[in-house]
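Biologist: I have a few questions on this one. Could you take me through them in turn?

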Amino acid sequence: MDLGISGKRALVLAASRGLGLGIAKALAAEGCHVLICGRTEEKLKANVEAIRAAGGKADYVVADLADAHFVDQMLHAVHHTLGGIDILVNNTGGPTPGTVEDMDAEKLYNFFQSMVVRVITLTNALAPLMKTQGFGRILTVASSGVFEPIPNLALSNTLRGALVGWNKTLSAELASYGVTANMILPGRIHTDRIDELDGANAKKQGKSLDEVRAASVKSIPAQRLGRVEEFAAAAAFLCSGPASYITGTMLRVDGGAAKSI
């Protein structure tokens, strides 16, 4: 299928590794000019070089979602590096694991700023450009925890859930302008983040990493962890031309793990 986004300009947040990087590579492979951001310049530079070596067009900007100047920095990069915006992928790093009782006020506030406030503020700043040109794709990466809260990820369940109502409201406000707003929800996609969480769970449960991983895989109907490339392909489609009538939705990419209908 021709996704119809060759030449489009895409900003992908938190793309130094994992799901963000996977999405950036998938969009670049479709002909998008991709701008990636993250905290580690060495990783970003290597990622851009790899995308370019594969025939894609990419640039990077070192930026931290926790920085109060993050949105201004992104707007400057979008205008001066991309010359505009067609696709925005709102991806953020996951918060520290823990229970509800671990959510002290300072931790809750800080992660709320980086995972919710920055996402909404940046989207609000870029959406008018999409409306004016009659095309835009806003894709927000969340978690399967917005459907079924994940044990020991209380912060993630709380903050990512806050974006669900926002995205649905946003999608209705932008639909008549040719701009879509969707969410994509990863289940157990094998990334460094999954390894870190499994390690934390293993320590909490007094089990080995292999035991925790085996129990996790057993609970997934597909009987395996997902691959970043599979997740990124689904994300790229939601950013595509043919997906123009899909908006306000949440797509689960989880191997059938969610029990809800």
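Biologist: Is N152 buried or exposed?

Modeller: N152 counts as buried because its relative accessibility is 17%; buried means under 20% relative accessible area, exposed over 50% and partly exposed in between, with a 1.4 Å probe and protein chains only. This is a predicted model, in which local features need pLDDT of at least 70, side-chain atom pairs count only at pLDDT 80 or more, and totals for chains, interfaces and linings use all residues. Residues are numbered from 1 along each chain as its sequence is written, and side-chain values use heavy atoms, with hydrogens and water left out.

Biologist: Where is N152 found?

Modeller: N152 lies in the loop between β5 (136-141) and α5 (154-174). Helices (H or I, at least four residues) and strands (E, at least two) are DSSP runs, numbered from the N terminus.

Biologist: And which residues does N152 touch?

Modeller: Not counting residues up to four places away in sequence, N152 touches P97, G98, T99, N201 and K204, where contact means heavy atoms within 4.5 Å. N152 and K204 are 52 residues apart in sequence, and their C-alpha atoms are 9.5 Å apart in space.

Biologist: Turning to α7, which of its residues are buried?

Modeller: In helix α7 (residues 209-218) they are V212, R213, S216 and V217. They are on the same side of α7 because they cover an arc of only 130 degrees around the axis, the arc being that of the directions from the helix axis to the C-beta atoms.

Biologist: What covers the buried residues of α7?

Modeller: The cover includes α6 (192-205). The face turned away from the buried side of α7 carries the exposed residues D210 and K218.

Biologist: Next topic: which residues of α1 and α8 meet?

Modeller: G18, L19, G22, I23, A26 and L27 in α1 meet V228, F231, A232, A235 and A236 in α8. By class, this contact has nine nonpolar, two polar and no charged residues; Ala, Val, Leu, Ile, Met, Phe, Trp, Tyr, Cys and Pro count as nonpolar, Asp, Glu, Lys and Arg as charged, and the others, Gly among them, as polar.
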